[in-house]
Amino acid sequence: MIQQRIEHKLHDAFAPKHLEVLNESHMHNVPPGSESHFKVVVVSDQFNDQRLIARHRAINSVLADELANHIHALAIHTYTEAEWSELMAAPASPSCRGGSQIG
């Protein structure tokens, strides 16, 4: 399963204090059971003193194969432990606005 592969890769790469990998494919115009749209929430000490773009590049690098071959969309939410302690939740994903059938 792609979701489990994402979880393992992010866990190994970032030793997160908090990790969520949510399959949001059901919110889009895809066949049932698809694994094409994901949201990740990663809270890691590795993000201390890193700008948002560097954090996202790091996630994209770790998930390069999945992004190139399996994932259609990836929402990335990265936080330091201090940032997360203030929020305790990532923003909700927007509703799907349509699009072509992916499968």
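**Helix and salt bridges**

I looked up Lys-9 and found a relative accessible area of 27%, partly exposed (buried is under 20%, exposed over 50%, partly exposed in between; 1.4 Å probe, protein chains only). The model is predicted, with pLDDT of at least 70 needed for local features and 80 or more for side-chain atom pairs, while totals for chains, interfaces and linings use all residues. Residues are numbered from 1 along each chain as its sequence is written, and side-chain values use heavy atoms, without hydrogens and water.

I then checked the partner of Lys-9: Glu-66 forms a salt bridge with Lys-9, closest N and O atoms 3.0 Å apart (a side-chain nitrogen of Lys or Arg within 4 Å of a carboxyl oxygen of Asp or Glu). Glu-66 lies in helix α3 and Lys-9 in helix α1, so the pair ties together parts 57 residues apart in sequence (helices are DSSP runs of H or I, at least four residues, and strands of E, at least two, numbered from the N terminus). Glu-66 is buried, at 0% relative accessibility.

I noted that Arg-5 forms a salt bridge with Asp-65, at 3.8 Å between the closest N and O atoms. Arg-5, Lys-9, Asp-65 and Glu-66 are linked in a network of salt bridges.

I turned to the buried residues of α1, which are Ile-2, Gln-3, Ile-6, Leu-10 and Phe-14. They fall within an arc of 100 degrees seen down the axis, so they line one face of the helix (the arc is taken from directions from the axis to the C-beta atoms). On the other side of α1, I found His-8 and Asp-12 exposed.
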